[in-house]
Amino acid sequence: SADEEYDLREFDGYTMATDELESGIGLPWKLRLRLSDETGRGMQVHSRMSEEYLGVRPGMSAVGVLLSTSREFGELAGMTDFCVMEEVDG
């Protein structure tokens, strides 16, 4: 189902060129990241799976460029980019 989550370790050796889901049904594997800030606000980001994402682990810090129509950022209007840091917070 769409809510099912897989451990990223199951994708060791994954490449976009050999994506078995895409070759089987025409849709590539997707990656869903859940991000939250210090105040508890959160969002999800969905992206096509890529080899570069195999090192992403729970607890890693991320920064992003978020867009809002208000200065208070009470409601997001979009996101242009994000970067996941190499180290895990601890």
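Hi everyone, let's begin with the order of the parts: from the N terminus on, the elements of this protein chain run α-β-β-β-β. That is 1 helix and 4 strands, where helices (H or I, at least four residues) and strands (E, at least two) are DSSP runs, numbered from the N terminus.

A word on where this comes from. This is a predicted model, so local features need pLDDT of at least 70 and side-chain atom pairs count only at pLDDT 80 or more, while totals for chains, interfaces and linings use all residues. Residues are numbered from 1 along each chain as its sequence is written, and side-chain values use heavy atoms, leaving out hydrogens and water.

Now the overall picture. Along the principal axes, the C-alpha atoms fill a box of roughly 45 × 30 × 20 Å. Of the chain's 90 residues, 14% count as buried; buried means under 20% relative accessible area, exposed means over 50%, and partly exposed is in between (1.4 Å probe, protein chains only).

Strand 1 (residues 30-36) and strand 2 (residues 42-48) run antiparallel, joined by 7 bridges. Two strands pair if DSSP finds at least two bridges between them. Lys30 has Arg48 as its bridge partner, and Arg34 stands opposite Gln44. There are 5 residues between the two strands, and Gly40 in this hairpin takes a positive phi near 95 degrees.

Let's stay with Arg48. Which residue forms a salt bridge with Arg48? The partner is Glu22, with the closest N and O atoms 2.7 Å apart. A salt bridge here is a side-chain nitrogen of Lys or Arg within 4 Å of a carboxyl oxygen of Asp or Glu, and the count by this rule comes to 1. Glu22 lies in helix 1 and Arg48 in strand 2, so the pair ties together parts that are 26 residues apart in sequence. Glu22 counts as partly exposed because its relative accessibility is 28%, and Arg48 counts as partly exposed at 27%.

Is Val45 buried or exposed? Val45, in strand 2, has 8% relative accessibility and therefore counts as buried.

On to the empty space. Rolling a probe the size of a water molecule over the atoms shows where such space is left. The largest pocket has a volume of about 1500 Å³. A pocket is found on a 1 Å grid over the protein atoms alone: it is an open set of points where a 1.4 Å probe fits, with protein on both sides within 12 Å along at least five of seven lines, and lining residues have an atom within 4 Å of a point. The volume is the space filled by probe spheres set on the points, which are joined across faces, edges and corners. The lining of the largest pocket has 45 residues, and Arg32, Leu33, Arg34, Leu35 and Met43 lie nearest its centre. Helix 1 (20-25), strand 1, strand 2, strand 3 and strand 4 (76-88) each give two or more residues to the lining. Which strand gives the most? Strand 1 does, with 7 residues.

Last stop, Leu66. Leu66 sits in strand 3 (residues 60-68), and at 33% relative accessibility Leu66 counts as partly exposed.
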